[in-house]
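Subject: Structure handover

Hello,

The structure you asked for is below, and my notes follow it. Please read them with the structure open.

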2 protein chains.
Amino acid sequence: MTPKFKAAAARRTSRVAADHRERSFDVAYRKLRELIVRGRLSPGSRVVEADIARRLEISRTPVRSALHRLQQEGYVVAYRTTRQARLAVAPLTKEDSRELYWIVGHIEGLAGRLLAQQDEASRAHVVERLLASNAELSKLAEGGSGDPSRIFDLDMGFHQVLVDSAAGPRLSAIHAAIKPQTERYWRLYASAITDQLGKSVEEHAHIIEAIERGDADAAERAIQLNWQLGAERLARVIESLGERGSW
Amino acid sequence: MTPKFKAAAARRTSRVAADHRERSFDVAYRKLRELIVRGRLSPGSRVVEADIARRLEISRTPVRSALHRLQQEGYVVAYRTTRQARLAVAPLTKEDSRELYWIVGHIEGLAGRLLAQQDEASRAHVVERLLASNAELSKLAEGGSGDPSRIFDLDMGFHQVLVDSAAGPRLSAIHAAIKPQTERYWRLYASAITDQLGKSVEEHAHIIEAIERGDADAAERAIQLNWQLGAERLARVIESLGERGSW
DNA sequence: GAATCCGCGATTGTATACAAAAAAGGAGCG
DNA sequence: CGCTCCTTTTTTGTATACAATCGCGGATTC
């Protein structure tokens, strides 16, 4: 195969079938966020560009981009804010968890409000997906089997449906930026969650019912309540753990 | 203060105060945002890193940082999202303005809710500042004099007091990221605003009164209403301008 | 004359070199 | 032993060189 031909073929495929090569700073962002969320980078520990770059085997440039974004979203904080910032993984505190859950609850509540105001046909479609999602959760709750990651993903999916089907681009963007941070706290009480799962399923049922009725106020309240109760469950666990800022 | 800390602090301040230089990417962010908000970069027009870098007389590196942030906040959008992004100034549309004002109204509404739940002493202090701020606006409204920038700054200041005195760090950050974008739309009807100013002053009075009473629901609603009415005033102006995406 | 292909300039993404600044450490002095 | 000043090391911010890719316009072919 001549080089020329090969080049032409490559160009054609890149135009038609998406070449799945990702930008380095997207990869860095994704991996770093994963490391933080899963606790492989301890809350409060310093984050040094060069270290991350070595770890991910790329240069500092894309790492910088990723860190800027993570900082803006709140996964990483600058604990010295003179000309040269020093970054650290954001600590997990009771106050922060309270504000985080409160905000997410209200953001999703707004999405639910919009959703409940849509016409009946659209709502019926969404309700179907919500029911399916909640049924899976219910099955897990009864089984008592507990892969916490699976539970989180399912719960996350349920809430994602709410946002995707109603929120505009801006609200979706805000939601996408802050919602995943709840996972950091979720993992704190992952073991204690299975017995609480049944309650969550119940709360979801209330949400679905309000949307089905097209009752915007009720839908918003139900979603807020779901998050508020989640925050309280979380607070109890944090309390019992003795609120250590880092681990 | 122990001698140790005092000496260290003195050394630090003396060195920092000597040259209070700002990081280039902070300057770039500020200047670029200003250019976009004031319309010197037309909505929809392409944004090229090298051009901006030449214009600000710095290298592309800090410009890139600034653009990433502006993109995340919504001032700039990627209109081709393959491996190489092409950026453009976010266009001003009726839909976007509606979502923007709606979100800001709800965010600030939440801040107002928190504020109204504080103890009476704190509230009284804030109410004082709000009254002072609104009094200035009222004076401008009566005078009919109309430096629109001054009006915007005053109105912005009023709302800023609400957020600063009640919202936690996360809510404040979200607010700080999206609120300034309303100025882009505000400027569209800056000329037609002076006669509407009286109404805004009245709406502010309702907000203040609800906070003074400590009525959280009423405070939240009043703030939401203020923004909703603002959005409607804006929509009328956009309508009359024929909704041209760029100018 | 229209569609397609090719090549080149324009533009973004990445790596690296360099500058500046913060922190860490160590010698000297009391 | 503690404090201060100075040097050294670590780490961030900026500039620049290089690579990859996008898009446009002209050439080619039928």
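Chain B and chain A bury about 2800 Å² between them, and carbon and sulfur atoms give 54% of that. Buried area here is the accessible area (1.4 Å probe) that two parts lose on being put together, summed over both. On the chain B side, B:Gln72, B:Arg83 and B:Arg170 lose the most area to chain A, together 29% of what that side buries.

This is a predicted model, in which local features need pLDDT of at least 70 and side-chain atom pairs count only at pLDDT 80 or more, while totals for chains, interfaces and linings use all residues. Residues are numbered from 1 along each chain as its sequence is written, chains are lettered from A and ligands numbered from 1 in the order in which they are written, and side-chain values use heavy atoms, with hydrogens and water left out.

The interface

The contact (heavy atoms within 4.5 Å) takes 28 residues from chain B and 29 residues from chain A. Twelve residue pairs, both at pLDDT 80 or more, are in polar contact between the two chains. A polar contact is a pair of N or O atoms within 3.5 Å; within protein, one must be able to donate a hydrogen and the other to accept it, and residues adjacent in sequence count only if both atoms are side-chain atoms.

Helices H4 (60-73), H5 (94-116) and H8 (169-178) of chain B each give two or more residues to the side that touches chain A. Helices are DSSP runs (H or I, at least four residues), numbered from the N terminus. The largest share of that side, eight residues, comes from H5(B).

Two salt bridges cross the interface of chain B and chain A. The rule asks for a side-chain nitrogen of Lys or Arg within 4 Å of a carboxyl oxygen of Asp or Glu. B:Arg170 pairs with A:Asp96 (2.3 Å, N to O), and A:Arg170 pairs with B:Asp96 (2.2 Å, N to O). A:Arg170 lies in helix H8 of chain A and B:Asp96 in helix H5 of chain B, so this pair joins two chains. Both A:Arg170 and B:Asp96 are buried, where buried means under 20% relative accessible area, exposed over 50% and partly exposed in between (1.4 Å probe, protein chains only).

A:Leu100 belongs to helix H5 of chain A and is buried at 1% relative accessible area. Among the residues that A:Leu100 touches are A:Tyr185 and, from the other chain, B:Arg170.

Within the chains

Over all chains there are 32 salt bridges. One of them links A:Arg113 and A:Glu220, with the closest N and O atoms 2.5 Å apart. A:Arg113 sits in helix H5 of chain A and A:Glu220 in helix H11 of chain A, so the pair ties together parts 107 residues apart in sequence. A:Arg113 and A:Glu220 are both buried. By contrast, A:Glu22 and A:Arg30, which meet at 2.9 Å, are partly exposed, A:Glu22 at 43% and A:Arg30 at 42%.

The whole structure has four aromatic pairs. Rings of Phe, Tyr and Trp (its six-membered ring) pair if their centres lie within 6.5 Å; planes under 30 degrees apart count as stacked, over 60 as edge-to-face and the rest as tilted. A:Tyr101 and A:Trp227 are edge-to-face, at 5.5 Å centre to centre and 65° between the planes.

Regards

Key: Lists of a residue's contacts leave out its neighbours within four places in sequence.
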